Amino acid sequence: SSVTVNLATALADRGLSVGVLDADIYGHSVPRMLGSDAKPTQVESMIMPPQSHGVKFISIGQFTDGNTPVTWRGPMLHRALQQFLADVFWGDLDVLLLDLPPGTGDVAISIAQLIPGAEILVVTTPQQAAAEVAERAGAIALQTRQRILGVVENMSWMELPDGSRIEPFGSGGGAMVAERLTRAVGSTVELLGQVPLEQGLREGGDAGVPVVLSDPE
């Protein structure tokens, strides 16, 4: 979610028209991370998404009371995603980012059916156990024939006050995922970037001001 929200606001800051669809129905967090509790408005048969930091967004969290859990089975998830794509008036977007839950469950399958041209950005942490889960999520592209944009490694290291680094979650997970997906799909999948474990990133997510805006450097 932090990668999705920071990528979205960075693209919007460059002048692109950007939307975010919070497809993590059970673990929705996009409204919090974008710093807005604004509700969508209905105009005739269409849903108008609110904007925050120049990004249009929609989330099931905008339709629930407080922190009420969503307890739906697969068909309801599919229907919600269908509505978010078809009934939300996104306008003329340059980019629509979808924040998916981990793994290869109902949501990933539904998105592949509903937007077969969607491309996959795989997010992992350096830890091998997490990297294996991320690899499976990326390998769904073999069945859905989607293109993998690349891999981003989150929580890669932590910089100490003396300038040295520690790696609480190990190292190499992102590179491993990129290498294995390259072999699996038969074309180059790059490790696009590594995001350090930084207090400012977490604070920005909780405060609703993504770190790419509060501390662009």
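This is a predicted model: local features need pLDDT of at least 70, side-chain atom pairs count only at pLDDT 80 or more; totals for chains, interfaces and linings use all residues.

Modeller: Residues are numbered from 1 along each chain as its sequence is written, and side-chain values use heavy atoms, leaving out hydrogens and water.

Biologist: How much space lies in the largest pocket?

Modeller: On a 1 Å grid over the protein atoms alone, a pocket is an open set of points where a 1.4 Å probe fits, with protein on both sides within 12 Å along at least five of seven lines; lining residues have an atom within 4 Å of a point. Points are joined across faces, edges and corners, and a volume is the space filled by probe spheres set on them. For the largest pocket this space is about 1,200 Å³.

Biologist: Which element gives the most to the lining of the second largest pocket?

Modeller: The second largest pocket is lined by 18 residues, with Asn6 among those nearest its centre. Helices (H or I, at least four residues) and strands (E, at least two) are DSSP runs, numbered from the N terminus. With 5 residues, the element that gives the most is α1.

Biologist: How many residues of α1 are buried?

Modeller: Buried means under 20% relative accessible area (1.4 Å probe, protein chains only). Among the buried residues of α1 are Thr4 and Asn6. The helix α1 is largely enclosed by the rest of the structure, because the buried residues number 9 of the 12.

Notes: Buried means under 20% relative accessible area, exposed over 50%, partly exposed in between (1.4 Å probe, protein chains only).
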